[in-house]
Each structure stands twice: as structure tokens, then as C-alpha cells.
Amino acid sequence: MPAEAPNEETHGKAWKKAERKFSSKSASEYYDPCQDFADRSLKCMKRNGFDREMCGDYFQAYRDCKKNWLNQKKAAT
């Protein structure tokens, strides 16, 4: 039974959580506030027999998080 894909509300909440994690941590080349999204993408792939089409929303959530994070890093420098 596939899990529900993230909708805008859950995606927004998850980004806010990642943003808080990012804001409260000191800069580190090893820290990735989007790791939770990456983990969810991999779990979805495993659940759905590695069918990428079934997990498109998870991949998009990861890309959005990464884009926002990189834009924040760029603006901070």
C-alpha cells in the first residue's frame, strides 16, 4: 500500500522544519538540511519497487529544498 505523496501543506511544514534545522546549526560542509527529503525519496523508491514515477513528488520536494538551501547559502555570502 503506497503512502500518500506529500501535498503542499505537508511539503511546506517539512520545509519549515528543515529551515529551522538549517538556521540553528553552524555552517558545516557535512550538514544537509534536506537529508530528510532524500531519505523519504529513498524509502518511497524501496516501497514502490524502485519505480521513479511513483515517487515524483518526493523527488520534487527534495529538489525544492535543495534549491532553497543553496539560495540561502548564496545570499549569506
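Guide: The crossing of H2 and H3 is left-handed. This is a predicted model, and the description below should be read as such. Helix H2 spans residues 35-47 and helix H3 spans residues 56-76; the two pack at an angle of about 165°, and their axes are 9 Å apart. H2 is therefore roughly antiparallel to H3, since an angle over 145 degrees falls in that class.

On the H2 side, the contact is made by Phe37, Ala38, Arg40, Ser41, Cys44, Met45 and Arg47. H3 contributes Tyr58, Phe59, Ala61, Tyr62 and Cys65. Sorted by class, the contact holds nine nonpolar residues, one polar residue and two charged residues.

Ser41 is part of helix H2. Its relative accessibility is 4%, so Ser41 counts as buried, the cut-off for that class being under 20%. Leaving aside residues up to four places away in sequence, Ser41 touches Tyr58, Phe59 and Tyr62.

Tyr62 belongs to helix H3. With a relative accessibility of 25%, Tyr62 counts as partly exposed. With residues up to four places away in sequence again left out, Tyr62 touches Asp32, Cys34, Phe37, Ala38 and Ser41.

An unreviewed UniProt entry gives "domain: CHCH" for residues 34-68. In the model, that span is 74% helix and 0% strand, and its end C-alpha atoms lie 10 Å apart.

As for the setting, the protein chain has three helices and zero strands, in the order α-α-α along the sequence. The chain has 77 residues, of which 25% count as buried; Ser41 is one of the buried residues. Among contacts in the chain between residues at least 6 apart in sequence, 60% join residues at least 24 apart.

Methods
Residues numbered from 1 in each chain as written. Predicted model: local features only at pLDDT ≥ 70, side-chain atom pairs only at ≥ 80, totals over all residues. Heavy atoms only, no water. Axes fitted to C-alpha atoms, helices over the stretch in contact; angles between N-to-C directions. Helix = DSSP H or I, 4+ residues; strand = E, 2+ residues; numbered from the N terminus. Parallel < 35°, antiparallel > 145°, perpendicular 65-115°, else oblique. Left-handed = near helix turned anticlockwise from the far one by under 90°. Contact = heavy atoms within 4.5 Å. Nonpolar A, V, L, I, M, F, W, Y, C, P; charged D, E, K, R; others polar. Buried < 20%, exposed > 50% of the residue type's maximum accessible area, 1.4 Å probe, protein only. UniProt positions renumbered as here; feature names shortened; annotations may be inferred.
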